[in-house]
Structure formats: C-alpha cells, structure tokens
Amino acid sequence: MSDGNWWKGAVIYQIYPRSFFDSNGDGIGDLCGITDKLEYISFLGVDAIWISPFFKSPMKDFGYDVSDYCDVDPIFGTIDDFKGLVQKAHSLGLKVIIDQVWSHTSDEHPWFIESASSTNNEKSDWYVWADPKPDGTPPNNWLPYFGGGSSWTWSSERKQYYFHQFLIEQPTLNLWNQEVRGAILNSASFWFGMGVDGFRVDATHTFLYDRDLKDNPPRPKGDLVSVDISSDNPQSYQMRLNSGQQPESIQLIEEIRSFVNRYDDRCLLGEVGGEDGMQLMADYSDVNTRFHFSYSFDLLASSLDKKSVESIIRAFEKVQDEDDWWCWSSGNHDVTRVGSRQQHKDLSKKDFALYAMALGLSLRGSFCMYQGEELGLEDVDVAYEDLQDPLGKMFYPKIKGRDGCRTPIPWVKDSLNAGFTTGENTWLPIPDSHRKKSVDQQENDKSSVLNHYRRFLAWRKNKSAMKVGDFTFIETNNHIIAFSRHDDEGCFECYFNSGNVSESVSLDSGRIIDEVSRKAVLSENSLKLDPYGYAFIEK
Ligand code: BGC
C-alpha cells in the first residue's frame with residue numbers, strides 16, 4: 001500500500017556501519033553485518049533505518065569523502081550485499097534511508113582528478129577553483145570545519161586554489177554548475193533503483209558559496225554557542241555566511257525535490273546546520289516542494305534540562321510554519337553520546353538514558369535515534385594512540401574528536417570483542433563499561449534500557465497523537481517539563497522531571513499509563529515524579 005507520509009513521526013534508527021556488526025572478521029562493521037542484525041532492529045520497533053555512508057571512499061572522513069557515488073566500498077561489501085539488505089529490511093517492514101553527500105567528494109573521485117588536471121578540461125568547473133591573491137595567498141578568509149588552516153588548498157597543476165569546507169581531502173563541488181547537479185541526481189536515481197526509500201542529505205548549509213568569494217564576517221564576541229562551535233577551532237571565529245548558505249540554495253533544493261517527486265513514497269531528510277540553523281531549517285523544508293523534513297542539530301549538545309529544551313522548542317515554534325516538519329535527534333556519529341550529557345552527574349545513568357528516550361520520542365516531529373542509545377551507552381574516552389577521527393588528531397586534547405561516540409556496539413558480554421567481530425582487533429576499542437551493557441545482558445532483563453525502549457516504541461507506534469499530533473506546552477513552576485500531544489483520536493499529557501529532587505504537578509483528570517511511565521506516582525490530583533522520572537497521562 002502506498003504511504004507517501006511514512007516518514008512523518010517515524011522513528012529512524014541511525015546505523016554507523018563501521019561500528020554496528022562485523023560479519024567478516026576484519027574488525028570493521030559491514031553491510032552483511034547490518035543484514036544479520038535487522039531482526040534486532042525490527043524488534044526494537046523503529047520504522048526505518050538510516051545508514052551512514054558505505055560508498056567507495058579513501059575513508060579520510062570515514063565515508064563522508066566519497067570517491068564513487070554508485071558503488072559500495074569493499075570494506076563494507078558489495079552492491080549485491082546492499083540489495084540483500086534492502087530486500088530483508090523491506091520484508092521486515094523497515095524503510096531504508098541512506099546518506100547522500102553532495103556538497104563535496106573525495107579528492108580521489110575521478111571528477112576531482114580530472115578537474116584538477118588543467119584549467120580547461122570538461123570538469124574544470126565542477127569544483128570551486130580560484131586564483132591566488134597577487135601575493136600568492138588564498139583568495140579570501142574562509143576557514144574549514146576540520147583543520148587549523150585555510151579552506152583553500154593549492155594545486156600546482158592549475159596554479160589555483162580549490163575550496164574545501166571540511167578536510168583538504170574533501171573538495172567542495174560546484175553546485176552552481178548545472179552539470180554537477182545532473183550528475184548528483186544521476187547517483188540519486190541509481191540508489192532509488194536499488195529500492196532505497198529516502199536520503200539523508202549531508203551538510204546542506206554548505207551547498208552553495210558566494211560567487212564573488214567575499215570574506216566571511218567575524219563572529220560577534222560571546223556567540224560561541226552552537227554544537228560544532230568551540231573557541232578551540234579557529235573557524236568558530238567567523239560566521240560562515242559567504243562560504244555557505246546562499247539564498248539560491250532554496251532553488252537547488254526545489255530542483256532536487258522535483259526530481260525526487262518522480263518516485264513514489266520517497267523522502268528527503270536535509271541535514272541543516274549553519275548560522276541561524278533553525279531559520280534555515282524552516283527555509284529549506286516544505287512538505288510539498290523542498291526537503292520533506294529537516295534534521296535538527298539543536299538537541300545534540302543539550303543535557304535535556306528544562307531551560308534548554310523549552311527554549312529550543314519555543315524558538316522552533318516561532319520559525320516553523322505548517323509546511324515544515326522536523327526530525328529531532330539527541331545523538332549521532334558526530335557528537336558526545338547523550339548518555340554522557342547528563343546534567344546531574346550524581347543521579348543514575350540508566351534513569352537519565354530512559355528520561356532522554358521518553359522525552360525525545362515525545363516531541364513533535366520524527367526522531368533519529370543513534371545506534372547504542374537503546375543500550376544506554378556512554379561516550380568512550382579514546383586514548384590518543386587509538387584515535388581515528390582526523391578532527392580529534394588535529395585538535396587533541398582540546399577537542400578529542402568524534403571517536404568516543406563511534407565505538408563498536410557490544411553484542412555479547414563474554415565473547416571476544418564483545419561479539420562485534422570474530423577478528424582479533426576492532427577499529428576502535430570497546431571498553432569494559434560497554435561490555436556490561438551488551439545486548440545479550442539486556443535482552444533478558446525486563447527492566448533494561450533496551451526493553452524499556454521496546455515497550456515505549458511499541459506503545460507509541462499506533463498513537464497518532466504522539467506521532468503527528470499537535471504539541472502544546474503545559475506551564476509548570478518547577479523543573480518538570482510538561483506538554484500535551486493531541487489530535488482527533490486522543491490526548492496524552494507528557495511529564496518529565498529534569499530536576500535532581502522529586503517534584504509534583506497537580507492534575508485534574510486522566511489515567512497514568514504505567515507501561516511507559518517511570519518513577520512516577522499519581523495520587524488524587526497530584527503527579528509526583530522522582531528525578532528523571534516521567535509519566536504519560538491519557539486524558
Ligand atoms: C557529517 C559528518 C561529516 C561532515 C562532512 C557532516 O554533517 O555528519 O560526519 O564529517 O558532514 O561530510
């Protein structure tokens with residue numbers, strides 16, 4: 001049956017393939033490993049999977065540097081392995097979303113090799129090339145997300161600089177060029193042909209740059225606030241208003257969308273960050289003509305305390321219009337795991353993991369949960385000699401990079417490498433603290449984080465009010481975050497105690513739903529929640 005809106009309110013399980021499950025003993029996860037574990041994911045009760053890049057790549061940025069958009073990297077398997085994965089996922093009722101990295105390629109992509117070879121080849125304008133200033137220095141002040149130097153790297157062949165937003169090995173594609181747009185859409189049709197149901201489109205705020213190459217303005221002092229911004233990385237000192245997010249990106253997104261509309265029931269999930277990311281999300285998404293929904297960075301650095309959650313949601317409410325739909329996420333392969341962002345460090349980690357789950361999955365929007373959240377995994381402090389992420393290697397110890405949230409999933413506590421691989425070594429270490437939280441340990445424990453996730457997702461699955469219903473804040477005068485989710489079919493009041501002592505709210509009516517409430521007592525007209533307790537009240 002056709003359902004063009006399947007993504008709306010969906011829970012999407014993000015798989016970082018290197019670290020999910022290794023089927024061939026080389027210490028790195030792969031596509032067959034994902035296929036082997038699809039029953040586990042389906043049993044969790046999610047609607048879809050999103051797989052981070054598995055395309056051919058020199059792996060400088062672990063797959064976000066693509067050297068062939070239409071092939072699988074041998075580390076991860078083959079095209080046939082992918083076909084098998086999609087077929088099995090679909091037979092289990094899971095949709096499949098894959099990453100598409102269209103703002104840059106690897107420097108080993110044949111397009112870049114050709115483009116770099118001369119100033120007059122067929123692809124000479126497929127990347128962003130610029131002459132040096134008369135003194136030989138780069139054309140402007142743009143700084144990359146990853147790396148201490150300029151966003152411009154010199155090419156002796158062309159006697160010009162090329163632009164890269166991320167690593168030197170990730171040259172930015174010139175998406176002003178219509179041929180380049182055609183080429184990326186060809187790769188999109190290739191994957192639709194394989195049966196994928198949607199794309200998570202990477203780094204869309206970096207799609208287009210100012211063609212006059214104007215300098216980025218300095219960031220006002222005291223404004224180092226957003227998730228990827230820290231004063232330890234020099235790019236934080238400038239606002240990336242000219243190196244990215246040009247207004248014409250909207251036409252580009254509309255062009256991509258009208259292409260996608262030729263296929264049934266597919267969706268585009270835009271990763272939208274950048275300056276004033278919320279406004280940009282609203283601008284880039286439109287259920288009918290732009291991205292179906294946009295991926296928010298806003299909870300990714302939050303400890304999910306009342307102040308930050310409320311201010312984020314209120315800010316969204318201001319910019320959102322009825323054609324916009326958000327995708328929330330409290331963790332991914334780029335940020336410290338949510339399990340390590342607890343505000344009240346002395347409180348139970350399990351209580352916080354479950355509070356984070358229930359809160360995130362109750363917000364209005366779709367939700368991307370990151371592999372391992374269902375086990376309550378915390379970030380790992382990876383030693384310098386074990387670091388893999390170039391960002392960590394560059395800025396250690398001030399910025400330790402993203403390896404801490406990318407360590408392999410522990411499947412079996414007492415097996416070699418926690419059952420992740422039969423090989424001797426793993427690409428990143430698995431700490432003992434993670435072994436204790438292995439899937440096999442949690443499977444049989446009714447009160448485990450894993451089983452709470454299963455119960456919660458099973459309960460949420462058929463509640464349209466929780467998935468796509470309206471959202472209204474309920475005022476409280478303490479640390480309890482409260483709101484209702486409601487539509488024609490039902491109304492649920494949702495309460496979460498973000499504080500470190502028990503607190504109460506008064507209630508006039510309603511039934512507490514025990515299967516999804518925790519550390520909560522409803523008596524007479526009062527609901528009492530212990531720290532990190534939560535309750536759902538059916539009205
Ligand atoms: C991805 C990162 C990646 C970057 C460059 C991001 O948005 O999530 O992992 O390094 O894009 O492609």
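Serine 504 is partly exposed, at a relative accessible area of 34%, on a scale where buried means under 20%, exposed over 50% and partly exposed in between (1.4 Å probe, protein chains only). Select this residue to begin the tour of a predicted model, in which local features need pLDDT of at least 70, side-chain atom pairs count only at pLDDT 80 or more, and totals for chains, interfaces and linings use all residues. Residues are numbered from 1 along each chain as its sequence is written, and side-chain values use heavy atoms, with hydrogens and water left out.

**Stop 1: serine 504**

Serine 504 belongs to strand β17 (residues 503-506); helices (H or I, at least four residues) and strands (E, at least two) are DSSP runs, numbered from the N terminus. Next, display the residues in contact with serine 504, where contact means heavy atoms within 4.5 Å. With neighbours within four places in sequence set aside, these are Asn478, Ile480, Ser526, Leu527 and Lys528. For asparagine 478, the C-alpha to C-alpha distance to serine 504 is 8.2 Å, across a sequence separation of 26 residues.

**Stop 2: the ligand**

The surrounding residues are Asp61, Tyr64, His104, Phe146, Phe166, Arg200, Asp202, Glu271, His333, Asp334, Arg402 and Arg406.

Aspartate 202 places a polar side-chain atom 2.8 Å from an oxygen atom of the ligand. For histidine 333, the distance from a polar side-chain atom to a ligand oxygen is 2.9 Å, and for arginine 402 it is 3.0 Å.

**Stop 3: glutamate 271**

Glutamate 271 is one of the residues around the ligand. Is it buried or exposed? Glutamate 271 is buried, with a relative accessible area of 6%. Its place is in strand β10 (residues 267-271). Follow its side chain to the backbone nitrogen of alanine 203, which it reaches at 2.6 Å. Beyond four places in sequence, the contacts of glutamate 271 are Arg200, Val201, Asp202, Ala203, Thr204, His205, Tyr295 and Phe297.

**Stop 4: cavities and a pocket**

Rolling a probe the size of a water molecule over the atoms shows where empty space is left. On a 1 Å grid over the protein atoms alone, a cavity is a set of points where a 1.4 Å probe fits but cannot get out, and a pocket is an open set with protein on both sides within 12 Å along at least five of seven lines; lining residues have an atom within 4 Å of a point. Grid points are joined across faces, edges and corners, and a volume is the space filled by probe spheres set on the points.

How many cavities of 30 Å³ or more are there? The count is four. The largest cavity holds about 100 Å³. To show its lining, select Ser330, Arg337, Val338, Gly339, Ala353, Ala356, Met357, Phe367, Glu373, Gly376, Leu377 and Tyr453. Helix α9 (residues 349-360) supplies the largest share of this lining, three residues. By class, the lining comprises seven nonpolar, three polar and two charged residues; Ala, Val, Leu, Ile, Met, Phe, Trp, Tyr, Cys and Pro count as nonpolar, Asp, Glu, Lys and Arg as charged, and the others, Gly among them, as polar.

Helix α14 (residues 464-468) contributes the most to the lining, with three residues. Seven nonpolar, five polar and seven charged residues make up this lining.

**Stop 5: backbone features in loops**

In the loop between α10 (390-395) and α11 (432-435), select proline 397. The peptide bond joining tyrosine 396 to proline 397 is cis, with omega about 0 degrees. Asparagine 417 is also found in the loop between α10 and α11. Its phi is near 50 degrees, a positive value in a residue other than glycine, and at 14% relative accessibility asparagine 417 is buried.

Finish at glutamate 524, in the loop between β19 (518-523) and β20 (526-538). Glutamate 524 has a positive phi of about 45 degrees although it is not a glycine, and it counts as exposed at 80% relative accessibility.

Technical notes. A residue is near a molecule or strand if one of its heavy atoms lies within 4 Å of it. A polar contact is a pair of N or O atoms within 3.5 Å; within protein, one must be able to donate a hydrogen and the other to accept it, and residues adjacent in sequence count only if both atoms are side-chain atoms.
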